[in-house]
Amino acid sequence: MTMSPPIDEETPLLVKKVTPLPLTQFSIVLFLQLAEPLTSNVIYPFMPQLIRDLGVTNGNEAAVGYYVGMMQSIFFLTQAFTVLHWSRLSDTIGRKPVILVGLFGLSLSMYCFGLSRTFWGLVLSRSLSGALNGNIGVIKSMIAEITDETNISKAYGYMPIAWSTGCTIGPMLGGFLSRPHERFPSWFGESEFHKKFPYFLACSVPATYSVISWLVTYFFLKETHPNPTPIKEVLGLGASETKNSSLLVDTSDDEGSLLTAKKGEKKDHSIRKILTRRVAIAAANYAFLSLVDIAYRAIQPVFLSTPIELGGLGLPPPLIGNILSVFGILNGIFQVFFFAGIHDHFGSKKVFIGGIALAIPAFLCYPLISVLARAYGLSRAVWAVVLMQIVFSIGVSLSYGAIFIFINAASPRESLGATNGLCQMTVSVMRAIGPAAANSLFSVSIERNLLGGWLVYYVLLAITCIALFIGTLLPRKLWTAADL
């Protein structure tokens with residue numbers, strides 16, 4: 001009798017029938033996912049100018065990077081304290097209620113951000129957004145629950161549509177709608193409100209989108225958790241015997257169930273349960289990928305706005321927004337049409353490591369752009385390298401889809417939300433450290449002319465090499481249930 005060869009992640013999917021994606025629910029997930037990148041990216045083009053307007057730097061141009069980095073980090077710092085709790089809660093009460101809370105937090109915080117006139121007001125707004133928002137981990141759990149091994153790479157290929165759209169529209173809105181009384185005097189020139197709050201219009205658009213997303217989620221999104229516990233029961237307000245009896249299932253398996261038939265024991269969603277070796281490896285790789293990526297993207301708007309004589313390009317917010325939007329457009333197109341094919345051909349590990357490796361030339365483009373700009377001004381050569389850097393950064397983004405697939409494979413099925421939350425918590429810590437550290441180092445490098453003002457790039461290249469080393473710990477083949 002001839003035995004069939006084992007099927008792993010590098011075996012072509014043609015040997016299995018590919019399950020169609022549930023397009024309606026998947027489209028709704030992408031729609032509501034857009035709210036987060038839209039709100040986070042809208043502030044990037046005008047943040048350096050906003051810091052200058054507040055006067056916290058006392059005219060010290062080199063110090064702008066400190067405060068911009070701090071503002072970028074605050075959201076992720078507060079998210080790091082709460083995202084695991086939101087994700088674990090979603091394993092109990094379901095995904096949908098947690099997503100509704102997150103969308104409410106995004107909307108409220110962005111309205112408050114646009115109305116803030118002090119640095120500490122901005123800090124409070126960003127902190128509120130991070131504390132109330134655990135959606136990113138919960139949405140990944142939903143994606144895993146509505147897909148299987150035959151279509152998950154296709155799903156992760158489409159997921160960048162939301163992020164790329166947010167990375168495209170967000171900077172455009174931020175640059176185009178900031179200070180409308182100056183840009184559109186015929187419409188807003190007489191508006192005292194927009195003179196007093198020059199960035200409210202830019203912030204109100206993503207805030208309103210979050211409100212719309214909340215309504216779409218409430219009325220149309222279906223719960224994907226198989227057995228959510230009613231919120232009233234979680235709060236100790238009681239539950240009907242009928243509801244309880246519907247949750248009673250056989251508990252002969254080792255992992256148990258949501259509620260046991262007679263003992264009423266709950267599933268174990270503790271950190272000890274999910275913190276296996278393979279989850280730790282996947283989480284570490286996700287964290288370092290995020291550190292490399294957020295450091296690159298954090299210094300990009302500061303670099304573009306820094307005067308040429310100090311090592312940047314001295315560009316205005318609208319042009320910075322356009323440059324950031326080009327990445328969003330190209331990245332979205334590339335991910336949708338090519339990620340699944342690249343992943344299925346090369347496998348998750350090769351795609352992940354190859355993507356991180358492209359961060360090396362992306363970082364090297366910064367000093368090259370600076371040299372060309374000082375020598376020739378904003379010449380064609382400068383713009384050619386800027387475009388080349390964008391192409392390299394698109395390659396880095398391929399690593400996200402690959403590591404999401406590793407995380408899904410590493411997760412215990414009954415604790416998918418908690419696992420995604422744990423991984424997202426480590427990422428939030430890195431993203432809290434990354435912008436502040438990268439922009440502070442950028443400012444220090446310029447102020448003290450460390451290594452010709454390029455110390456920041458040497459450090460980021462070293463971090464990239466560490467991320468590549470950690471990537472080698474990933475298995476060549478995806479983990480399976482037998483590896484538990």
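The model is predicted. Helix 5 packs with helix 7 at an angle of about 145°. A search of the whole structure finds 20 aromatic pairs. Arg179 and Asn449 have positive phi values.

**Helix 5 and helix 7**

- Helix 5 spans residues 95-115 and helix 7 spans residues 135-145; their axes lie 9 Å apart.
- The two helices make a left-handed crossing.
- Helix 5 contributes Arg95, Val98, Ile99, Gly102 and Leu103 to the contact.
- Helix 7 contributes Asn135, Val138, Ile139, Ser141, Met142 and Glu145.
- By class, this contact holds six nonpolar, three polar and two charged residues.
- Ser107 also belongs to helix 5. Its relative accessible area is 7%, under the 20% cut-off, so Ser107 is buried.
- Beyond its neighbours within four places in sequence, Ser107 touches Ala207, Ser210 and Val211.

**Helix 23**

- Helix 23 runs over residues 455-471 and has 17 residues.
- From first C-alpha to last, helix 23 reaches 25 Å, close to the 24 Å expected at 1.5 Å a residue.
- Its buried residues are Val456, Tyr457, Leu460, Leu461, Ile463, Thr464, Ala467, Leu468, Ile470 and Gly471.
- The cover over these residues includes helix 17 (277-305), helix 19 (348-357), helix 20 (359-376) and helix 22.
- Tyr457 is also part of an aromatic cluster with Tyr296, Phe303, Phe363 and Tyr366.

**Aromatic pairs**

- A pair of aromatic rings is described by the distance of the centres and the angle of the planes.
- Phe119 and Trp120 have ring centres 5.6 Å apart. Their planes stand at 75°, over the 60 degrees cut-off, so the pair is edge-to-face.
- Phe119 is buried, at 9% relative accessible area, whereas Trp120 is exposed at 64%.
- Phe184 and Trp187 form a stacked pair, with 6.1 Å centre to centre and 25° between the planes.
- Phe184 counts as buried at 17% relative accessibility, while Trp187 is exposed at 70%.

**Positive phi**

- Most residues other than glycine have a negative phi.
- Arg179 has a phi near 50°. This residue sits in the loop between helix 9 (160-177) and helix 10 (180-183).
- Asn449 has a phi of about 55°. Its place is in the loop between helix 22 (416-447) and helix 23.
- Asn449 has 52% relative accessibility, over the 50% cut-off, so this residue counts as exposed.

Definitions and conventions. Residues numbered from 1 in each chain as written. Predicted model: local features only at pLDDT ≥ 70, side-chain atom pairs only at ≥ 80, totals over all residues. Heavy atoms only, no water. Helix = DSSP H or I, 4+ residues; strand = E, 2+ residues; numbered from the N terminus. Buried < 20%, exposed > 50% of the residue type's maximum accessible area, 1.4 Å probe, protein only. Axes fitted to C-alpha atoms, helices over the stretch in contact; angles between N-to-C directions. Left-handed = near helix turned anticlockwise from the far one by under 90°. Contact = heavy atoms within 4.5 Å. Nonpolar A, V, L, I, M, F, W, Y, C, P; charged D, E, K, R; others polar. Expected span 1.5 Å × (residues − 1). Phe/Tyr/Trp six-rings, centres within 6.5 Å; stacked < 30°, edge-to-face > 60°.
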